[in-house]
Amino acid sequence: MILRPRVAIPAHVGILEQLAFPRRPAVLSALAGLAMLAGAIGFPLRAQELEGRVTRITLDNGMRFLVVRRGTAPVFSASLRFRVGGVDDPGGRTGMAHLFEHLAFKGTSVIGTREPKKETVILDSLDEVARDLVQELDRGAAADPARLSALRDKMKALKEQAGTLVVKDELMQVLAGNGAAGINASTGQDLTSYVVSLPSNRLELWCLLESARLRDPVLREFYSERDVVEEERRMRVESQPGGKLYEQLLLTAFQAHPYRVSTVGWMSDLEHLTRPEALAFRRSYYLPNNAVGTLVGQIDPEQAEQLLRRYFGDLPKGPPPPQPPTAEPPQQGERRIRVEFDAEPALMIAYHKPNWPDPDDAVFQVIETLLGSGRTSRLFRKLVLDTQVASDITSFEAPGDRFPNLFIVSAEPRDPHTAAEVETGVLKELQRLVDEVVPETEIQKVRNQLEASFLYPLRSNQGLAAQISYFEVLDGDWKEMLRYRDTLRKVTGAQVQEAARRIFTPSNRTVATLARASAAPAAAPPGGPAAVPPASPAPGPATIPPPSKTPASGAGAAR
């Protein structure tokens, strides 16, 4: 994870990213490193000075832009974020936000096609066949095999016809041909992001292409891309022990809130997604009043504003996007899930916690770093280096920041030790936080780590764009980043103890273990943290979306 803004990581990049784990960037270990870093960042770190460098531009349609002039190289980084993610997937249509992110690169009625009119006819025919195929499949055992075969053959033929009209990846080719670097996109539970870096004299090109994608998207190759996403699920969840364990942990810890379903979605839902449904999703969420664009680099804010108003100002505003109506009720007792998988054993322990702006969120950033960040963290030292019951262990917060989330400890037992032994060791360390005030020297060390984690990504234009845009999208004001940072600096050992007493209770705990089918179920370890009545073990969603923590370099924002 990262300081306040956690990085929104693509659901399709690597095992941890696929699980939507918030990840912290590499941190510097000493204050001396901070001093060097401050000089390298190239912009003032004091709140009032940073505020003076960020220009906010709000168009009449509600679209917001943050512009920061910075550096001497004639380049800039752009980030376009939408406040839509897996948590906003329609009922029965999980995975839609992630799939739509893939489709956003397919071009417009002008970009990506050789014959727009002919293509439109074929795409409409594909939609009709896809609808008929889904209806026939839904008949189950009563489905007509001959009709299914005929529909599949027809769909294959139409996809081949449509493919002959596609100019493959033309949008990407245009960008690359104009010096673009770092072209990427990501979908998390909370938001979707599109990023790129370009020469400064290509700002108008960026405005042209991004506004065209918003105004006139054509979701070509929809059903082929749907197949790609289905394969992602097979590779990164269904055939990966870590992916399967994490998915089951969320399903057990969350019983009502949409955070319970991973961003990649359910296979049965993916198989039913259609292009008309994706277009309806776009009309609900891909609105100028639901987006924030950020430009950081050697660009003039006044000239940028002229271009932004010219290209984005006429995009039609829409009604406020719908918000997930379901709140997670307080957990009433410990929950356990055993996941059988032919792999080495693993363990995840989760506790419900509030999100920002609740002050406990900042306290848990400190707890997360104290317990599970790096080889000098308490859990690693105790369970990996000292008792050697685990081969690896870490802690993180997931699966998002817009709503109350989870504090999670993830560990791998070291043979011949068991998951139950590791769990006992973890619970002892959590109880230690309840029983003892963390020494000020240890708290200061964590503050230093978090400060470095906050500053490190800001060296790059892309890192700064990611950080300020993340807070702007989720909290409505990028300056929440500064307030969050100030709150972190003031966390005390007494606050850590009090938060641990309220959150680390058996009734607020969910435990997921991974074991082979032949292994005997492990008994729950005796004892554990004292059952102090929690003030609010599972707070309901905050009315203000939580900010992120420290930005990470790359497409996501820190959190």
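Accessible areas are computed by the Shrake-Rupley method with a 1.4 Å probe, and for residues only the protein chains shown count as cover. On that basis the protein chain has an accessible surface of about 21,600 Å², of which 53% belongs to carbon and sulfur atoms. This is a predicted model, in which local features need pLDDT of at least 70 and side-chain atom pairs count only at pLDDT 80 or more, while totals for chains, interfaces and linings use all residues. Residues are numbered from 1 along each chain as its sequence is written, and side-chain values use heavy atoms, with hydrogens and water left out.

**Chain**
- The protein chain has 20 helices and 11 strands, taken as DSSP runs (helices H or I, at least four residues; strands E, at least two) numbered from the N terminus.
- Of its 559 residues, 58% are buried, meaning under 20% relative accessible area with a 1.4 Å probe and protein chains only.

**Sheet**
- Six strands form an open sheet in the order E1-E2-E6-E3-E5-E4, with mixed pairing, where two strands pair if DSSP finds at least two bridges between them.
- Strands E1 (54–58) and E4 (181–187) stand at the edges with a single partner strand each, so one side of each is left without a neighbour in the sheet.
- E3 (residues 75–82) and E6 (residues 291–297) pair in the antiparallel sense over seven bridges, and Arg-81 has Val-292 in E6 as its bridge partner.

**Helix H18**
- Just after H18, Gly-476 takes a positive phi of about 85°.

Note on methods
Buried means under 20% relative accessible area, exposed over 50%, partly exposed in between (1.4 Å probe, protein chains only).
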